[in-house]
Amino acid sequence: MRLNYTPLDDKSPSSEADVLPSSESAAGSSAATRLARVPGQGCLHQLVENQAERTPHAPAVISGSQLLTYGELNARANQLSRTLRVLGVRAEDRVGVALRSSLNLPISLLGVLKAGGTCLPLDPNYPRHRLDLMLEDAKPAVILTEQILASAFSASADRLCLDTDGRKIFQGECTNITCQAGEDSVAYVIYTSGSTGKPRGVLLPHRGLVNHNCAAIELYSLRASDRVLQFSSISFDIAIEEIFPALICGAAVVLKTESFSLQGQEFLQWIGNQQVTVLDLPTAYWHELMHQMETFPGAALPEKLRLVILGGEKASTKSYRTWQRFATERVRLVNTYGPTEASVIVSAFEPARCPQVRWGDCLPIGRSVANAELHVLGQDLKAVPAGEPGELYVGGPSLASGYLNQPELTAQKFIAHPFDPDGSARLYKTGDMVRSLPDGNLEFLGRVDYQVKIRGFRVEPGEVEAAL
């Protein structure tokens with residue numbers, strides 16, 4: 001199905017004509033919810049197919065000296081999807097993707113979606129016990145991997161090693177395959193920490209990911225000339241935001257190589273050499289980067305860099321003051337917030353746009369992104385007054401379907417929308433305490449439970465207790 005989505009071109013800023021007027025939430029307790037027109041019925045990979053049709057010769061993925069054009073990426077993903085179909089993969093069958101950073105990574109993610117399957121990202125660097133728990137719970141039909149990693153998944157499912165089996169896979173029919181999935185089909189399973197010691201798989205449908213990725217293109221003003229670094233672990237939901245918005249709008253995804261370094265000066269030099277324009281960084285790493293930049297002489301952000309996106313935990317005001325010393329007006333900084341259960345992010349804050357406001361120790365988490373509902377409610381599920389603390393509830397089309405194999409937890413966390421007249425909508429109970437600031441931005445205050453974040457990863461103390 002052809003989707004009516006037109007990406008930004010290199011000369012056009014985000015068009016306000018494509019955004020409906022702002023409206024206050026039904027609860028009257030959130031920043032205004034902006035309603036953007038996004039594609040109707042359809043799937044995430046179809047947007048990438050459309051871009052490949054428009055710009056088949058443009059660079060889509062870059063890995064060192066290797067490059068895939070949009071036409072090549074789409075063709076190889078089609079060939080892989082046909083192989084998966086032969087192996088029996090059908091709509092919403094889970095397919096593990098256990099690969100190091102290489103051109104085969106985006107090919108695999110796209111190929112699974114084209115086959116109608118559900119991507120199960122398996123970071124090879126995760127502890128073996130953690131991977132075993134995920135595999136036991138998700139029971140993937142097939143695992144896409146490479147020979148050096150295959151032994152770790154020998155008893156889990158059928159394995160397809162893309163490095164050794166590639167000659168067999170990438171020589172068949174390469175036209176687009178008929179899609180077996182729909183907009184409500186699950187596209188991804190992303191695992192987060194669980195309070196009982198068992199990680200919980202969040203089921204993210206195509207509908208929510210299409211909404212999120214199109215909202216991200218608008219929010220970040222992504223365009224075909226951008227180069228976006230794929231930085232995060234593939235098992236971290238931010239990786240979705242690093243890969244798919246770029247591929248939908250015609251930009252290039254830059255993959256990490258063996259020469260990639262996290263040391264501040266070497267990192268900045270590497271992204272400068274790669275002409276990266278957009279970074280989507282875990283807040284913990286940005287804190288460390290700011291600290292390191294203070295210590296080496298002549299520190300500067302690369303010339304081509306125009307946008308840095310933060311997410312994963314609270315961003316310190318102290319680090320932002322350091323940022324201001326090194327960043328010119330040409331480099332945007334966007335602090336984002338969002339649980340995996342709401343398809344990556346639901347709010348964003350640009351400190352440069354609020355220079356007159358005094359913040360506390362941390363930057364606010366901002367206002368809702370397009371089509372996200374943010375409600376600050378009390379225990380009675382009624383809106384709290386502005387400035388008063390309350391729990392943040394999230395609604396809108398980006399909500400997950402629920403948790404894999406955990407119906408009771410799904411019912412507990414995804415509740416009926418108290419302000420929906422026909423009773424069909426849901427809200428996700430985040431467990432995060434926030435308050436609305438005088439300018440309408442939201443401030444993160446902490447948790448209603450004992451969950452903590454360590455370097456961007458959600459950690460339940462109950463999980464640690466269960467392990468002990």
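**Strand E13 and some other spots in the model**

Okay, let's begin with a pairing: Thr336 has Ala348 in strand E14 as its bridge partner. Before I go on, this is a predicted model, where local features need pLDDT of at least 70, side-chain atom pairs count only at pLDDT 80 or more, and totals for chains, interfaces and linings use all residues. Residues are numbered from 1 along each chain as its sequence is written, and side-chain values use heavy atoms, with hydrogens and water left out.

When I say helix or strand, I mean a DSSP run, numbered from the N terminus: H or I with at least four residues for helices, E with at least two for strands. Strands pair if DSSP finds at least two bridges between them.

So, back to E13, residues 332–337. On one side, three bridges join E13 to E14, residues 347–349, and those two run antiparallel. E13 also pairs with E12, residues 307–311, through four bridges, and that pair is parallel. Within that pairing, Leu310 has Asn335 of E13 as its bridge partner. How does the chain get from E12 to E13? Through helix H10, residues 317–326, in a right-handed β-α-β crossover. Right-handed here means that, with the strands pointing away from the viewer, the path from the first strand over the helix to the second runs clockwise.

Now helix H6, residues 206–220. H6 is mostly covered too, with 13 of its 15 residues buried. From first C-alpha to last, H6 reaches 21 Å, close to the 21 Å expected; the expected span is 1.5 Å times one less than the number of residues.

Last stop, Pro397. Where is Pro397? In the loop between strands E17 (390–395) and E18 (402–403). Pro397 is partly exposed, at 33% relative accessible area. Pro397 and Ala342 are 55 residues apart in sequence, with 8.6 Å between their C-alphas.

That's my tour; happy to take questions.

Conventions. Buried means under 20% relative accessible area, exposed over 50%, partly exposed in between (1.4 Å probe, protein chains only).
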